[in-house]
Amino acid sequence: MIMAYADLRDFLAALDRNGQLLRFTDPVPLEPDLGAAARAVSNVTDRGPALLFEDIDGYERARVALNVVGSWPNHALMLGLDKDTSLKEQFFAFARRADAFPVEAERVGTERVGTERADDAPWREHAVETDINLFHLLPLFRLNRYDAGSYIDKAAVVTRDPDDPENFDTQNVGIYRIQVKGTDRLGIQPVPAHDIGIHLRKAEERGENLPIAIAIGNEPVITTIAGMPLAYDESENEMAGAVQGAPYRIARAPLTGMDVPWGAEVVIEGEIIGGVREIEGPFGEFTGFYSGGRRQPVIAVHRVHHRTDPIFEHLYLGRPWAELDYTVALNTSVPLYRQLKQDYPEVVAVNAMYTHGLLGIISVRPRYGGFAKAVGVRAMTTPHGLGYCKVIIVVDDTVDPFNLAQVMWSLSVKFHPAHDLVVLPDLSILPLDPSSEPPGISHKVVLDATTPIAPEQRGHFSQEVDQPAGTQEWENRIKRLLT
Amino acid sequence: MTAPKIPDTCPRCDSHDVSLLTASPVPGRWFMYACGVCFYSWRSTEPGYATDPAAYPAAFKIDPTDIPKMLVVPSIPTRRGGTP
Ligand SMILES: [Zn+2]
């Protein structure tokens, strides 16, 4: 049985027990220190801790948690694995568990929408409906130097399909950047292709506002799954249950009826105002460049629920690697792997963790000459690939795609520029890719770094150096001596 | 607590529609301001690069007359039944 974390505090305690949490009890200014600290920890190491700040300038008891999943040990602990679990092992564990999808969610509290019957979700402790001031509730701050203001960027954002509001499967849990424009007014970026974009379009076609719930400060699995490319009718709660190995616990937000994480620190309820667009951004993005200066939808906040002294969990993003890159590493690689594997069982593993899969590496056992190129092109036609997969490197099944030294070796000795380069002109890509021209269009390329096989007879690959006999035993022996 | 002196110019778009966004929960630590034109917001304790109109870099400045021309994302669909 895999251990599921009840809430953010439970996970922070697990990080602490494993030496993966740093507490700062000295007073800290909001800007530029909080953003700088979160940037710094990823600069220093890929095995770094979460950061918990307990004395924020201008607040009595506010706390900020940063870099919660921002390292491989923390990612492993999220999955309930030993913190030293290799990335490749984490990938296969994630993929195996995703096969258990769907795992039905555990609903806590049975109240109907609009009623006030209490349930036991900890965020039900306090509710604010008048004089809402999000800046007093949470220590909101500017993350990167030229962000338009304070953002919420790691919340589980929940909406329902206005044409089918009772449907649990099409209820969406996603992560969208949210600019806090006023004390009770937000800007949001709902990409048209994403599920929330579909919900908003339907609401606006109906001439309605779109009810929305925003849950801040969650255990790490739901926010990881919220950023995972799933089909429109696949429930994030049911995937979170599969990945954590236990039903995901949800509670109903009383005003909007949204199913939100039971363990959240804060739940904001409100509406996206239909037909309204207002300037939002720029905001430093995961591409390492700012994006924005576009007119985007606005949220009116109607009610806020929160625990006593809630923890503000926030995520740093910018030039990779930063926390965002850890949170989207395997949640992007695993769906691509599962989709490719359906058509091509020869696919061994997929590493699509570079800039959310703008670059990906596929390890495959080619059946015949040309096969690896076909697998590479197929990645570009998966749902996620339509917006990503600009560069796909295909390597042999004997190469670990998570080991860049092996990938670079394959490229350096197996790749032949005259035969192994496939360029596909003018395909779709996410407009945030700063190289796309016009935004949203780019050539894409497959780099085939597999060994040529029949009927392709070229190169001199028959005398590969293998490992001396007994190498594996020596590896184990040396590992034991080192621990 | 004494009322803050609200800056008269937005560091980003140089407009004069600046208002008090909020004050620190612990009185007197800082104030936040917001621009009603470009929705930029800043804290009184931030470095000059975020608060001083003269120091704000040209690449990130916004001309208020450009705002109505900015891309609308996502676009607003037509209402069902034909009412726009
Ligand atoms: Zn302005």
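How many positive and negative side chains does chain A have, and how far apart do the centres of the two sets lie? There are 46 positive and 67 negative side chains, with the two centres 3 Å apart. Here Lys and Arg count as positive and Asp and Glu as negative, leaving out His and the chain ends, and each charge is placed at NZ of Lys, CZ of Arg, CG of Asp or CD of Glu.

A word on the model before we go on. It is predicted, so local features need pLDDT of at least 70 and side-chain atom pairs pLDDT 80 or more, while totals for chains, interfaces and linings use all residues. Residues are numbered from 1 along each chain as written, chains are lettered from A and ligands numbered from 1 in written order, and side-chain values use heavy atoms without hydrogens or water.

Now for the overall build. Chain A holds 13 helices and 25 strands; these are DSSP runs (H or I, at least four residues, for helices; E, at least two, for strands), numbered from the N terminus. The C-alpha trace spans about 75 × 55 × 40 Å along its principal axes. Of the 483 residues, 59% are buried, meaning under 20% relative accessible area with a 1.4 Å probe, protein chains only.

Definitions and conventions: Buried means under 20% relative accessible area, exposed over 50%, partly exposed in between (1.4 Å probe, protein chains only).
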